[in-house]
Amino acid sequence: IGTQTGGSVIRPASFCGIAGFKTSVGLLSVEGLLPFAPSFDTVGFFTTTGADMLALWQALGHSTHRVEEFTIGVPNPLPDVDPVMRKTFESAISRLRRAGFSIQSTDIAAMLGRLHAAQRLVGSYEAARLHEARYKEPGARRGLFADVIRDGLQIPREKYDEATAYIAGCKREIAKLFRTTPIILTPAAPGPALLGLGSTGDSRMSTPWSALGVPAMTIP
């Protein structure tokens, strides 16, 4: 079990070669979790395979619905990712086509980039105001968490409102897109997992979907 505000389910699941599932914002209770950015905080799950995830979801009392045919949307142009990820992603698309899936290009690459920036701004703004008192405690002004709070406190309300308005507009656009392509396939991370523990990696492939509040799943 995990949580995702930006990419803390999808990205590590991808790096570990397992299935990760971030539910829709608000679908499952977040009571008892330490909040970070309430607009995006979401419960998620990790399993070995996609089939295991379906079994877990059913065991939690949720429907997996019926098997149906659908068109898969793929961003065109593809987001800017490492060459190894681009090659792997293009190979996955080819395998899906050979398996008989319908693939349709979608022009959302620019939107995804702007959503990443908006999610980071809104997340920093909300986290800073939630944790300002903790940030002021002795010894708490160091490290990545402290950097996020310090930077978030500098964001004016007007910028926050602009970002939330942009996200709201994108939610309406993506809802229309889901009518024709109910599944949109993108890379789960820009590339392979980084060496060492100095960084958890780049979350820009996950943050757009966190911003939109929609479910997201990575499948090995």
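The largest pocket in this predicted model has a volume of about 2200 Å³. It is lined by 50 residues, and those closest to its centre are Ile183, Leu185, Met217, Thr218 and Ile219. Several elements give two or more residues to this lining: helices H1 (10-16), H2 and H3, together with strands S6 (183-184) and S7 (216-218). Helix H3 gives the most, with eight residues. By residue class, the lining of the largest pocket divides into 34 nonpolar, 13 polar and three charged residues.

Now to the aromatic side chains. The structure holds four aromatic pairs. In one of them, the ring planes of Phe21 and Trp57 stand at 85 degrees, with centres 5.2 Å apart, so this pair is edge-to-face. Phe21 lies in strand S2 (residues 19-22) and Trp57 in helix H2 (residues 50-59), so to speak distant parts of the chain, 36 residues apart, that the pair links.

| Residue | Relative accessible area | Class |
|---|---|---|
| Phe21 | 14% | buried |
| Trp57 | 13% | buried |

Both values count as buried because they fall under 20%.

Elsewhere, a charge meets a ring: the charged end of Arg129 sits over the ring of Tyr125, 3.6 Å from its centre.

Finally, a look at the backbone. Most peptide bonds are trans. The bond from Asn76 to Pro77, however, is cis, with omega near 10 degrees. Pro77 is found in the loop between strand S4 (71-75) and helix H3 (83-98), and helix H3 is also the element that gives the most residues to the lining of the largest pocket.

How values were computed:
Residues numbered from 1 in each chain as written. Predicted model: local features only at pLDDT ≥ 70, side-chain atom pairs only at ≥ 80, totals over all residues. Heavy atoms only, no water. Helix = DSSP H or I, 4+ residues; strand = E, 2+ residues; numbered from the N terminus. Phe/Tyr/Trp six-rings, centres within 6.5 Å; stacked < 30°, edge-to-face > 60°. Buried < 20%, exposed > 50% of the residue type's maximum accessible area, 1.4 Å probe, protein only. Lys NZ or Arg CZ within 6 Å of the ring centre and 35° of its normal. 1 Å grid on protein atoms, 1.4 Å probe; cavity = no way out; pocket = protein on both sides within 12 Å on 5 of 7 lines; lining within 4 Å. Points joined across faces, edges and corners; volume = space filled by probe spheres on them. Nonpolar A, V, L, I, M, F, W, Y, C, P; charged D, E, K, R; others polar.
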